[in-house]
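The structure comes first, followed by the notes on each.

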Amino acid sequence: MSQPKTYAGSCHCAAVTFEVTADLDQELVTCNCSICSRTGAIMAFTPRQAFTLKSGQASLTDYQFATKRVHHVFCSVCGVRAFSFGDGPDGSLMYVVNVRCLDGVTLSALKTKEFDGRSL
């Protein structure tokens, strides 16, 4: 069984930086909903305590749609959506990190499954 690892992440211009502890050997998620299919995110879900925003709070713009339960934040400088957050199934705060925004990750080694968000 693999162990979670701490990764540094950022938007393209690095105005927004963060750290997240995640197990990227687990199956990650892609989604075909209207926003995910356009942004191409590969998502890792983490509890609040596994995520630390290091810089850029003032550069984040919040975008919500449909049920408005998820905060799809993006950098107001470069436009990259490096993470989102909202309530998880148990009601606790969850972060959804775009693995494409993490340093040192070999994308071709990741295992993914597609979530049918379009049908919601």
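Strand S2 (residues 17–22) is joined to S5 by four bridges, and the two run antiparallel. Strands here are DSSP runs (E, at least two residues) numbered from the N terminus, and two strands pair if DSSP finds at least two bridges between them. Val-20 stands opposite Phe-51 in S5.

The open sheet consists of three strands in the order S1-S2-S5, with antiparallel pairing. Its edge strands, S1 (5–10) and S5 (51–55), each pair on one side only. Neighbouring strands are turned by 20° against each other on average, direction ignored; axes are lines fitted to C-alpha atoms, with angles running from 0 to 180 degrees between N-to-C directions.

## Basis of the model

The model is predicted: local features need pLDDT of at least 70, side-chain atom pairs count only at pLDDT 80 or more, and totals for chains, interfaces and linings use all residues. Residues are numbered from 1 along each chain as its sequence is written, and side-chain values use heavy atoms, leaving out hydrogens and water.

## Arg-81

Arg-81 lies in the loop between strands S7 (70–75) and S8 (83–87). Arg-81 is buried but has no salt bridge, and Asp-62, the nearest side chain of opposite charge, is 9.8 Å away. Buried means under 20% relative accessible area (1.4 Å probe, protein chains only); a salt bridge needs a side-chain nitrogen of Lys or Arg within 4 Å of a carboxyl oxygen of Asp or Glu.

Note on methods. Buried means under 20% relative accessible area, exposed over 50%, partly exposed in between (1.4 Å probe, protein chains only). Lys and Arg count as positive and Asp and Glu as negative; His and the chain ends are not counted.
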